[in-house]
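Please look over the sequence and the model before reading on.

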Amino acid sequence: MVRALWTLARPKGMALIALLPTLGYSFAFWDHGCRAYYTHGLPRLGFLACLWALPHAGTMWLNAALDRDEGEVLFGSAVAVPRRIEGPAYASLLAPTVVALAVHPGLGLCVLGCAVLAVLYSHPRTAWKGHAVLGPLANAVGYGVLSPLGGFLYAGLPPTLRGAVCLALSVSFILAAYLAAQAFQQTEDRARGYATFVVLRGPRATLDLTRVLLLGSLLLTFSLAVLGWFPRAVLVSVPAFAVADRWLVRWRREPGGGDAGWARGFFVRLAVAGLLCLGGASLTYVAQELRGEPLAGLGTASGQPDEPACGPSTPIVGAPTSKAAGP
């Protein structure tokens, strides 16, 4: 049973989901240019990753309990679903929620929200998974809003306009990823009696909407980079995102939405492009440090926080000291 549970948890997908709150946490410190992130951030990043990995496993187990199929899945392998899998599923949703609420109220509410959405998504009486609107809504709110927001709140730094824009971009990216993940599942979803977007509109329309959401997000992201809200070095990832877009165009021509291999190919290309984007921001940080310039969010051409937000234990890098701090 342990092996089946591990397989059904889809560990490859788990790694991607666990990354979401760590990105929110990292962005908060980057946005305000706080050096404390680089001194105590690693243990907290590990804590956040574990908090989201466990509910992700529970979500996948509830999903398996609902579908009870052994067909092709994204980021996973076909395996028989154990009986009474719901018990471990609910336990993996409850435990991290209790821990998170004890550690930080805002973080706990975000984990709780994700757990509630997981139940609504896969419980037989609600089964939002099979709905063309409620299914995407659950993923957009859970993965696109609550997951990065939980990490951001845990950082304890005030929100900014740039942070709000990034959260909106996160929702668009998550919706694009969600639609791409179901584009090859029309036959399976129809057999289960679901009314998902791919069942109602077909694989081509699903991939068309995926492309619209992705290109819209990228256009705004790169436009803001040109304006200086983000490091302009992230533009190095433009060709890689173009490769991912070309894959979508080719995938769209596949009869019936192709298979899971097309979805995996898309996500691999998307991940490579995302790593290049983060790499560009990291190289900008290194260059700023070598030149003795303000770092991270304080070193962008525009869109900087209005006031320093880091306390004595989390000093801002490159920010002017206040008069009260002395010479």
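Is Arg 84 buried or exposed? Arg 84 is exposed, because its relative accessible area of 67% lies over the 50% cut-off. This residue belongs to the loop that joins α3 (37-67) and α4 (86-103). Its backbone deserves a remark as well: Arg 84 has a positive phi of about 55°, although it is not a glycine. The model discussed here is a predicted one.

**Overall make-up**

The protein contains 12 helices and zero strands. Read from the N terminus, the order of elements is therefore α-α-α-α-α-α-α-α-α-α-α-α. The chain has 327 residues, and 49% of them count as buried. The accessible surface of the protein amounts to about 15,700 Å², and carbon and sulfur atoms hold 67% of that area. Among contacts in the protein with a separation of 6 or more, 72% are between residues 24 or more positions apart.

**The pair α11 and α12**

Helix α11 covers residues 238-252 and helix α12 covers residues 260-291; the two pack at an angle of about 165°, with their axes 8 Å apart. Because an angle over 145 degrees counts as roughly antiparallel, α11 is roughly antiparallel to α12. The crossing of α11 and α12 is left-handed. On the side of α11, the residues that meet α12 include Phe 241, Trp 247 and Trp 251. On the side of α12, the residues that meet α11 include Trp 262, Phe 266 and Leu 270. By class, this contact of α11 with α12 has 13 nonpolar, three polar and two charged residues.

Ala 127 is placed in the loop between α5 (105-122) and α6 (134-155). The phi of Ala 127 is near 50°, which is a positive value in a residue other than glycine.

| Pair | Separation in sequence | C-alpha distance |
|---|---|---|
| Pro 231 and Ser 282 | 51 residues | 9.2 Å |
| Thr 187 and Gly 257 | 70 residues | 9.6 Å |
| Val 99 and Leu 51 | 48 residues | 8.4 Å |

Where does Pro 231 lie? Pro 231 is in the loop between α10 (203-227) and α11. Pro 231 is buried, because its relative accessible area of 10% is under the 20% cut-off. Leaving out residues up to four places away in sequence, Pro 231 touches Trp 30, Ala 225, Ala 281, Thr 284 and Thr 300.

Thr 187 is part of helix α8, which spans residues 186-191. With a relative accessible area of 58%, Thr 187 is exposed.

Val 99 lies in helix α4. At 41% relative accessibility, Val 99 is partly exposed, because that value falls between the 20% and 50% cut-offs. Which residues does Val 99 touch, not counting residues up to four places away in sequence? Val 99 touches Phe 47 and Leu 51.

Key. Residues are numbered from 1 along each chain as its sequence is written. This is a predicted model: local features need pLDDT of at least 70, side-chain atom pairs count only at pLDDT 80 or more; totals for chains, interfaces and linings use all residues. Side-chain values use heavy atoms; hydrogens and water are left out. Helices (H or I, at least four residues) and strands (E, at least two) are DSSP runs, numbered from the N terminus. Buried means under 20% relative accessible area, exposed over 50%, partly exposed in between (1.4 Å probe, protein chains only). Contact means heavy atoms within 4.5 Å. Accessible areas come from the Shrake-Rupley method with a 1.4 Å probe; for residues, only the protein chains shown count as cover. Axes are lines fitted to C-alpha atoms, for helices over the stretch in contact, and angles run from 0 to 180 degrees between N-to-C directions. Angles under 35 degrees count as roughly parallel, over 145 as roughly antiparallel, 65 to 115 as roughly perpendicular and the rest as oblique. A crossing is left-handed if the near helix is turned anticlockwise from the far one by less than a right angle, and right-handed if clockwise. Ala, Val, Leu, Ile, Met, Phe, Trp, Tyr, Cys and Pro count as nonpolar, Asp, Glu, Lys and Arg as charged, and the others, Gly among them, as polar.
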